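Here's a quick briefing to read alongside the model. Have the sequence and the 3D view open as you go.

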Amino acid sequence: MRTHGTRLLLRAGLLTLLALGATFLLDPYRNYQLATSAGVFAAVAGLTLLVGLTGQLSLGHAVLMAAGGYGYALTATRVTEALEGTGAADGIVGWLVPLLAGVAGAVVAAGLLGTLLGLAAARLRGPYLTGLTLALVIALPSAAGIVPGLAGAQGVSAPFVPVPDALATLIAVEQWHAWLAILVTACAVTPLVALRSGRAGLRMRAVHDDETAARLAGIDPGRVKAGAFVISSLAAGLGGVVLAIATQQVSPGAYGLGFSLLLVVAAVVGGLGSLGGAALGAVLVTLLPWLVDQATAGLPADLGHRLQGNLEIVLFGVVVIVVTVLWPGGLARLVPKNTPLSQNTER
Amino acid sequence: MERLVFLLSTGLARGAVLALFALSLVIVYRAARVVNFAQAAMAIVPVYVAFAVTAAGGSPWLGLATALVVGALLGAVVERGLLRLVPQDNPLPGIIVAIGLVMVLQAGLAIAFGPDHRPVHAPFSQRPFDVGGISVLSPYDLFVLIVAAVVMGGLALLFGRTSLGLQLRAAAFAPETSRLLGVRVPRMVTLGWMLSIATAALAALLLVPTGLGLDPHAADVLFVNAFAAAVVGGLDSPVGALVAGLAVGLLVSLVTGYASAAAAPLAVLVLLTAVLLVRPHGLFAAREARTA
């Protein structure tokens, strides 16, 4: 078990270093896109684990990301303001303390909302949970308008994280934000990998495959489902932190139903339950809209106006239907499985 | 007092539309045992067709009839052409395909008709009647109530008093036994989808003149509210859908009037959460057998 854990950490560290190194090959805009994809990846990883292992479909992960983003932005802003009076605002403390406090705030906010939803998830099956999370997404703009401090449709701004002086000559600010994004995402996804291949993942599969049998084996299905939802929410919340760092803005409009559906698309296309697939799916849903924009830019204004923002949604919809009907397993099926544990536990 | 009467009467008219849409969800749930998450998108396609027909010089009534036919056809095409290909042993693939369908239909409509809101005029005045100094229903609200009552009565007759209705109910409750007794179960499932989408299209058509105008997402909130109503009433209970639809309509109208329009989705969310946690099978549904 110990060697397994060490190997997992080593692999995670290696992948993170690779991703950090890759930022040197990209121009600033590509680095911004990389940061966005990383944030989406964290949320999709949480979602794909939830859907693939426990069979619960959530349309509300955009709201959980928003909860993380709001938690981060509000906490980090307060801490920055508090530090300004003390004279510690300069140097490394000036940005690191608000950042860490913000991440803690995001974990608390997403964790609380995730726990509430998890309690519901423990009692509900299939379409009921999906419908509840759908109602949650629709209610987000209302909640932002009514809860004081969330500043309605305009949203709140997150503090800008400046490049540290030691690195200022070396990297641009977009690259620095991509680094932060990669590190936060690594912290969000690595526990999911450990969980998936460990005992908790086995329990989730057992509950998903046959609830009665799992109960007879001494597993509490309600607790497993609720726990899966909370963990998935935390990953989504950290994804929200990444987007808040990259865009310095959290508003309800950015986390609507359309965005929630994109997260589902990424999870389905990548292959439900596969974290590597989630990474590919996340890159796809961030890059394809941009590619479509580039492709339609040369068209006549009227046609371009109609296609803009819609053509990629049609494509995503078709892909989701085709993958579900003809090719369940998604992109993850391209890569042969080599972990013996998953061969034993997956049907 | 005046305000309360006005809000109650408006809520009743909105509730009738909600009840109709909730009923369409119940019909498809009873026929195929699925919650159709594409119901809003599938209902708004016929509405676009209806307005295209009306705009091309047809009468609004021709548009209405076309919408019902197109809705029924769309239901049949989606059920036969798409959902029958999806594995049925658990609900997840069906829900995911429905989500894909929502994206295709709504974005497709935005491409075909342009993304802007299209203003829509009601066939009747929306200025409320004045009864003894208190403004109550508008002629259009009255029209909505009458249409909803007629359609619900017609559906009740169809399901309760005709041989076809008996076959539809039998196919939904005991597919294997019905098949042995000569009921064409797959045909009944398709018929259920056709009835459901036509009813949903009618509800969306009645809703659109009271809202901001026609756009591909015009029925999204209606779907969420109707889903809440259908769950509150119990997904397989038409009477539950009717009562809960009216109740949710009244709730939305009162919250909008006394708090703010923004509070309405939160009120529906709270109601849905409370009912799901206390009585997941709804207030009117027959108790299901214990599963574990």
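**Chain B at a glance**

Of the 292 residues in chain B, 49% count as buried (20 or more other C-beta atoms within 10 Å of the residue's own; 12 or fewer is exposed, in between is partly exposed, and C-beta atoms are placed from the backbone). Keep in mind that this is a predicted model: local features need pLDDT of at least 70, side-chain atom pairs count only at pLDDT 80 or more, and totals for chains, interfaces and linings use all residues. Residues are numbered from 1 along each chain as its sequence is written, while chains are lettered from A and ligands numbered from 1 in the order in which they are written.

- Chain B holds 11 helices and 2 strands, where helices (H or I, at least four residues) and strands (E, at least two) are DSSP runs numbered from the N terminus.
- Reading from the N terminus, the elements of chain B go α-α-α-α-β-β-α-α-α-α-α-α-α.
- The radius of gyration of chain B is 19 Å, which agrees with the value near 19 Å for a compact globule of 292 residues (taken over C-alpha atoms; the globule rule is 2.2 Å times the number of residues to the power 0.38).
- Along the principal axes, the C-alpha atoms of chain B fill a box of roughly 60 × 45 × 35 Å.
- Among contacts in chain B with a separation of 6 or more, 72% come from residues 24 or more positions apart; a contact means C-beta atoms, placed from the backbone, within 7 Å.

**Chain A at a glance**

- Chain A has 14 helices and 2 strands.
- For its 347 residues, a compact globule would come out near 20 Å in radius of gyration, and chain A agrees at 20 Å.
- The box filled by the C-alpha atoms of chain A is roughly 60 × 55 × 45 Å along the principal axes.
- Buried residues account for 50% of the 347 in chain A.
- In chain A, 80% of the contacts with a separation of 6 or more link residues 24 or more positions apart.

**Where the chains meet**

- The contact draws 39 residues from chain A and 39 residues from chain B.
- On the side of chain A that touches chain B, at least two residues each come from α4 (91–123), α5 (127–146), α8 (211–216), α10 (257–270), α12 (301–307) and α13 (311–326) of chain A.
- The top contributor to that side is α5(A), with 14 residues.
- By class, the side of chain A that touches chain B has 25 nonpolar, 10 polar and 4 charged residues (Ala, Val, Leu, Ile, Met, Phe, Trp, Tyr, Cys and Pro are nonpolar; Asp, Glu, Lys and Arg charged; the others, Gly among them, polar).

**The two α9 helices**

- α9(A) covers residues 221–247, and its 27 residues reach 39 Å from first C-alpha to last, close to the expected 39 Å (1.5 Å times one less than the number of residues).
- With 23 of its 27 residues buried, α9(A) is largely enclosed by the rest of the structure.
- α9(B) covers residues 220–233, and its end C-alpha atoms sit 20 Å apart, which agrees with the 20 Å its 14 residues should span.
- Since 12 of those 14 residues are buried, α9(B) is largely enclosed by the rest of the structure too.
- The buried residues of α9(B) pack against α5 of chain A, along with α1 (2–32), α2 (39–55), α8 (185–207), α10 (238–258) and α11 (263–278) of chain B.
- Just after α9(B), B:Gly234 takes a positive phi of about 95°.

**Residues to click on**

- B:Ala200 sits in helix α8 of chain B and is buried, with 33 other C-beta atoms within 10 Å.
- Leaving out residues up to four places away in sequence, B:Ala200 touches B:Phe21, B:Ser24, B:Gln39, B:Met42, B:Ala43 and B:Gly71.
- Most residues other than glycine have a negative phi.
- A:Gln248 has a positive phi near 55° without being a glycine; this residue lies in the loop between α9 and β2 (249–250) of chain A.
- A:Gln248 is partly exposed, with 14 other C-beta atoms within 10 Å.
- B:Arg33 also isn't a glycine, and has a positive phi of about 55°; its place is the loop between α1 and α2 of chain B.
- B:Arg33 counts as partly exposed, with 16 C-beta neighbours inside 10 Å.

Key:
Contact = placed C-beta atoms within 7 Å.
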